[in-house]
Amino acid sequence: MAVELIDDTLKRPEAGYETLVAVDGPEEDPLGYTCFGRTPMTEQTWDLYWIAVDPATQGRGVGKQLLAAFEELSKHRTGSGTIVRVETSSQEEYDGTVAFYLRNDYTTVGRITGFYRHDDDLLILSKRLT
Ligand SMILES: CC(C)(COP(=O)(O)OP(=O)(O)OC[C@H]1O[C@@H](n2cnc3c(N)ncnc32)[C@H](O)[C@@H]1OP(=O)(O)O)[C@@H](O)C(=O)NCCC(=O)NCCS
């Protein structure tokens with residue numbers, strides 16, 4: 001799914017997906033990436049669709065840098081007051097992901113019980129960029 005999104009970004013710019021890729025240097029393999037886009041029908045809201053860091057590189061600040069780069073870009077485009085929306089799963093395996101967002105000043109603003117499966121809720125996190 002992640003590769004499909006990146007392919008879409010490159011092949012169909014009109015789809016509205018953008019990506020940022022973290023690398024150590026031009027010849028190096030990617031360390032991580034993030035995929036995002038403007039939220040349709042909103043004035044200054046963005047969806048962060050994916051952020052992923054190579055497991056061998058996790059915990060070294062790459063995710064934080066990717067998130068900061070995305071936030072800087074989105075705020076540059078839509079100004080102070082820009083809102084970011086992130087969706088994730090309530091399953092235990094995503095606890096670290098949720099902790100990552102909370103650590104980066106995101107707030108849990110919504111939950112739909114049983115959204116993905118009867119024991120797997122949708123969590124919505126958000127941050128206003130000032
Ligand atoms: C979530 C993810 C992108 C974080 O990237 P990362 O490079 O490992 O995170 P960082 O090293 O930049 O951490 C930034 C901060 O978040 C905290 N954090 C990151 N992962 C955490 C975890 N699993 N548990 C608790 N805190 C965590 C770090 O402690 C750090 O805090 P600090 O600012 O006090 O130093 C990465 O773990 C990942 O790719 N996970 C799998 C894919 C995924 O779940 N993506 C999100 C759904 S789209």
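This is a predicted model: local features need pLDDT of at least 70, side-chain atom pairs count only at pLDDT 80 or more; totals for chains, interfaces and linings use all residues.
Biologist: What makes Met41 count as exposed?

Modeller: Met41 has 6 C-beta neighbours inside 10 Å. The label "exposed" applies at 12 or fewer, so Met41 falls under it.

Biologist: Where is Met41 found, and what is its phi?

Modeller: Met41 is in the loop between strand 2 and strand 3. Its phi is positive, about 65°, although Met41 is not a glycine. Most residues other than glycine have a negative phi.

Biologist: Why is Asp105 called exposed?

Modeller: Asp105 has 11 other C-beta atoms within 10 Å. The limit is 12 or fewer, so Asp105 is exposed. Asp105 lies in the loop between helix 3 and strand 5 (107-117), and its phi is positive too, at about 70°.

Biologist: How do you know that strand 1 and strand 2 pair, and in which sense?

Modeller: Pairing requires at least two bridges. Strand 1 (residues 18-23) and strand 2 have 6 bridges, so they pair, and the sense is antiparallel. Thr19, for instance, stands opposite Cys35 in strand 2. A hairpin of 6 residues joins strand 1 to strand 2.

Biologist: What makes a set of residues a nonpolar core, and which members of the largest one touch the most others?

Modeller: The members must be buried residues of the nonpolar kinds listed for a core, joined through C-beta atoms within 7 Å. The largest nonpolar core has 17 residues, and Phe36, Leu48, Leu66, Phe70 and Val86 touch the most other members. Elements giving two or more residues to this core are strand 2 (30-38), strand 3, helix 2, strand 4 (82-89) and strand 6 (120-129). In soluble globular proteins, nonpolar side chains tend to be buried together.

Biologist: Which residues is Phe36 in contact with, beyond its neighbours within four places in sequence?

Modeller: Contact requires C-beta atoms within 7 Å. With those neighbours left aside, Phe36 is in contact with Glu18, Trp46, Asp47, Leu48, Tyr49 and Phe70.

Notes:
Residues are numbered from 1 along each chain as its sequence is written. A residue is buried if 20 or more other C-beta atoms lie within 10 Å of its own, exposed if 12 or fewer, and partly exposed in between; C-beta atoms are placed from the backbone. Helices (H or I, at least four residues) and strands (E, at least two) are DSSP runs, numbered from the N terminus. Two residues are in contact if their C-beta atoms, placed from the backbone, lie within 7 Å.
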